[in-house]
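Student: I have a new model open here. Can you walk me through some of it?
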Amino acid sequence: MSSPTGPAPGSPNFDAAPPSPGGAPGLPVRMPRARQSGRHRRPEPLAAPEGAPALVLAVPGTPSPAARSLAEEVSSIARSELPGLDARIGYVDGGDDEFPSLEAVLAQAAAERRARESADGPEDPGPVAVVVPLLAGPDSALLRRIRQAMMNSGSGAELTDVLGPHPLLAEALHVRLSEAGLARADRARLFTVATAADGIILATVGGEEAVQAAGITGMLLSARLAVPVLAAALDEEGAISRTAEQLRESGSQQLALAPYLIGPEIADGLVGAAAAEAGCAAAESLGAYGAVGRLVLSNYAASVGITLPTQTPGVPVR
């Protein structure tokens, strides 16, 4: 019969203690358990591999302290999800020490790799950096400028897709609307908002391609809010007011404008002017919402072959 204080001899956790000075056998000693395997095994802490390419966030728009603060917060979110990540910021319209250009940041990353290889020998093959555009949707003119900066840097960096369309961006839009009192925060709890919109204009920039991509996220947002959502281009004259009229003709009376934008890519005051044109209130841009940082990291990880934990969009609760 096994001892009540330890496992039976022959069991995986049994080991005999050394004989006592008097020659008597020692008591059984409980040894550390073997590492757990299978689906209930605790996951290893995730970290960036040694020598992994830098993540370079390509920030559009006119450089400003607000744009830098936003970009730094997005980069911080990415670093918190992947410790050891070398995350840098390059401005598409930058060009000085305060706001370094994307080209200069990539050239610096390439120079640092050459210096390491000169000192320690060749590193593993792979790109010097992975460039992630800080854009919710496609903007062909801006993306051409990003690619040109990459070519001019001579870095051999890789470019990822933009961040959307994605369910996490629909979640972020929902949160921004609820923060502005323009949408219910939680349908499951039947929380009502007197000013909740019954029609949403999803405002984007980048032409027809951007509008189509925003429409995909708009369908996801519509499913969350159970109200119609139509995408329109901020940079197309009259598009916002035409979309507002279309929603009103279909029965919506209380509209809201939801910017499908991170923020730096548009001029100050453009969203407010568009909302006034449509005769409705507007939510804030997506900004440094957590989903934006996670999507930046997700695009980087997919490019370099790092598997991240699955992110499941949730229902925001306030």
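Tutor: One term to start: a residue is buried under 20% relative accessible area, exposed over 50%, and partly exposed in between, with a 1.4 Å probe and protein chains only. This is a predicted model, where local features need pLDDT of at least 70 and side-chain atom pairs count only at pLDDT 80 or more, while totals for chains, interfaces and linings use all residues. Residues are numbered from 1 along each chain as its sequence is written, and side-chain values use heavy atoms, without hydrogens and water.

Student: OK, how many residues of strand β3 are buried?
Tutor: Six of six, over residues 54-59. Strands are DSSP runs of E with at least two residues, helices are runs of H or I with at least four, and both are numbered from the N terminus.

Student: Which ones point which way?
Tutor: Ala54, Val56 and Ala58 point one way from β3, and Leu55, Leu57 and Val59 point the other way.

Student: What does β3 pair with?
Tutor: Pairing takes at least two DSSP bridges between two strands. β3 runs parallel to β5 (residues 129-133) over five bridges, with Ala58 partnered by Pro133. β3 also pairs in the parallel sense with β4 (residues 87-91), over five bridges, and there Leu57 stands opposite Ile89.

Student: Switching topic: which residues lie nearest the centre of the largest pocket?
Tutor: Gly263, Pro264, Ile266, Ala267 and Asp268, out of 18 lining residues. A pocket is an open set of points on a 1 Å grid over the protein atoms alone, where a 1.4 Å probe fits, with protein on both sides within 12 Å along at least five of seven lines; lining residues have an atom within 4 Å of a point.
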